[in-house]
There are 2 protein chains.
Amino acid sequence: MCELLGMSANVPTDITFSMAGFLRRGGATGPHRDGWGVAFYENEGYREFRDPHPSIESPVARLMLDYPIKSRIVISHIRQANVGEVNLSNTHPFSRELWGRNWCYAHNGQLTGFRQELPLSFYLPVGTTDSEWAFCWLLGEIRRQYPEPPEDPSALQELIHQSCEKLRSLGVFNLLFSDSQHLYAYCSTKLAHITRRAPFGPALLKDTELEVDFSACTTPRDVVSVLATEPLTTNETWHIMQPGEMVVFKDGEVITERFSHSSPSIRV
Amino acid sequence: MCELLGMSANVPTDITFSMAGFLRRGGATGPHRDGWGVAFYENEGYREFRDPHPSIESPVARLMLDYPIKSRIVISHIRQANVGEVNLSNTHPFSRELWGRNWCYAHNGQLTGFRQELPLSFYLPVGTTDSEWAFCWLLGEIRRQYPEPPEDPSALQELIHQSCEKLRSLGVFNLLFSDSQHLYAYCSTKLAHITRRAPFGPALLKDTELEVDFSACTTPRDVVSVLATEPLTTNETWHIMQPGEMVVFKDGEVITERFSHSSPSIRV
């Protein structure tokens, strides 16, 4: 299995603090030694840093901690391989272009029967993972139904949610996904999120001895949501997502929540 | 205008030496301060490092010099903007997937009338440069004519060459382009290359006081070709390409040369 980290913010925000804890799970506080990657959106621009080595030993990971890149949407992944060998082409996140936008995708879980159940059309995988295959299928479904961006965003959200439900029926499928404007998070088994806003307070990382006082580096208007497979801090209350739940973030805020039709659950 | 750097090798090779000179042109020995990027192929895997800041001041560029990534195909670009503002989405190289392969593209030059002359189909630009538009057109043409990889590689080479000739008719179009297996280089005004093989000797960089003795870090079987807008070393003889010439590299060797039909020239 792998771990996911995501961020959505209303102003370009540096995610160094969260990454400092997260990347320790790639070989120090967690067993995810089979590569890692992070994608940053800077407006519609997009860049990834990926390394097929453990994040705890990766010079590229050290750069990420020393060189704060400010971004409004971040997706990161550390890998513990199940399907597909350990190499660069199997290292998340994956990206493709649709509608003149960079789409980014990272998956935690494992799928069976994906080659039979998920016919590909426009996008083809470069590597050999179930994850990239599912990404190509998902984006191909969106492209097939919407050759151009739909005017009604809820129709697209519904398509993504239903596609995720199908993917969950093939195994475990926790997802972070973005089109450069929204961050989509889908929970199959394990995903948590927290939204930080004024008044900001201190946060204490679980994976390393590091505390930050967000009030010292934010303005009262900043809104930042962070997602992770497991909560990254010990002194805050994270929202634990339900199986089948999809949450859509924009500019740091939750704008939509959808729950599974097949196993409805109510947030408490 | 911009500058290009490329490499093709028969074994995974670190391009740190050439990059040390090249990246100085991004603000020190050259005026190309509007961003830079580099793409590495590691087998079929692909990763890019891009920064919309001058390479001479970029922490990501410093990482490239401190952390040698071994690759068989490298494409790098430093930008001096003409069309499109300075931001991440306008920073080369650009990439898209076709046939389950990552295609990478970097362009030096400037095109006029590209929106009218180059109709887009499958691929759409994310940024606003003439360069990315031309890439989307070029890859779309390949996809339209060859939905699957052609059995005869010379047919593909001919299509790429003819497409480059059309692009050259719109302005200045020097190109580095790869499908993860071949490196295509097309010269409109300025591009040079050199192939190094045993017996290897010393090389002296033009842009910084750095000399390397390749015989100390190679085996007798290594073959490495390097391309650049202008020769990077002062003590070696580089091949200066002709306008309209396309050279295809594979595993460090020149495997094909094509010349312009409209302005034929003979190499001397």
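## Aromatic pairing in chain B

Trp133(B) is buried, at a relative accessible area of 18%, where buried stands for under 20% relative accessible area, exposed for over 50% and partly exposed for the range in between (1.4 Å probe, protein chains only). The model is predicted: local features need pLDDT of at least 70 and side-chain atom pairs pLDDT 80 or more, whereas totals for chains, interfaces and linings use all residues. Side-chain values rest on heavy atoms, without hydrogens and water, residues are numbered from 1 along each chain as its sequence is written, and chains are lettered from A and ligands numbered from 1 in the order of writing.

Over all chains there are 30 aromatic pairs. Rings of Phe, Tyr and Trp (its six-membered ring) pair when their centres lie within 6.5 Å; planes under 30 degrees apart are stacked, over 60 edge-to-face, and the rest tilted. Phe40(B) and Phe49(B) form an edge-to-face pair, 6.1 Å centre to centre with 75° between the planes. Phe40(B) is buried at 2% relative accessibility, and Phe49(B) is buried at 0%. The ring centres of Phe114(B) and Trp133(B) are 5.9 Å apart and their planes stand at 70°, so this pair is edge-to-face. Because Phe114(B) belongs to helix H3 (residues 114–117) of chain B and Trp133(B) to helix H4 (residues 130–145) of chain B, the pair ties together parts 19 residues apart in sequence; helices (H or I, at least four residues) are DSSP runs numbered from the N terminus. Phe114(B) is buried too, at 5% relative accessibility.

## Nonpolar cores

A nonpolar core is a set of buried Ala, Val, Leu, Ile, Met, Phe, Trp, Tyr and Cys residues joined through side-chain atoms within 4.5 Å. The largest holds 66 residues, and Trp36(A), Phe49(A), Met64(A), Trp36(B) and Phe49(B) have the most contacts inside it. Another core, apart from that one, has 33 residues, including Leu118(A) and Phe135(A).

## Charges over rings

A charge sits over a ring if NZ of Lys or CZ of Arg is within 6 Å of the ring centre and within 35 degrees of the ring normal. Arg115(A) places its charged end over the ring of Trp133(A), 5.7 Å from the centre. Arg143(B) lies over the face of Phe122(A), at 3.8 Å from the ring centre.

## The interface of chains A and B

Chain B contributes 31 residues and chain A 29 residues to the contact, defined by heavy atoms within 4.5 Å. The rule finds 4 salt bridges across the interface, each a side-chain nitrogen of Lys or Arg within 4 Å of a carboxyl oxygen of Asp or Glu. Glu97(A) and Arg96(B) meet in a salt bridge at 3.0 Å, N to O.

How values were computed: Helix = DSSP H or I, 4+ residues; strand = E, 2+ residues; numbered from the N terminus.
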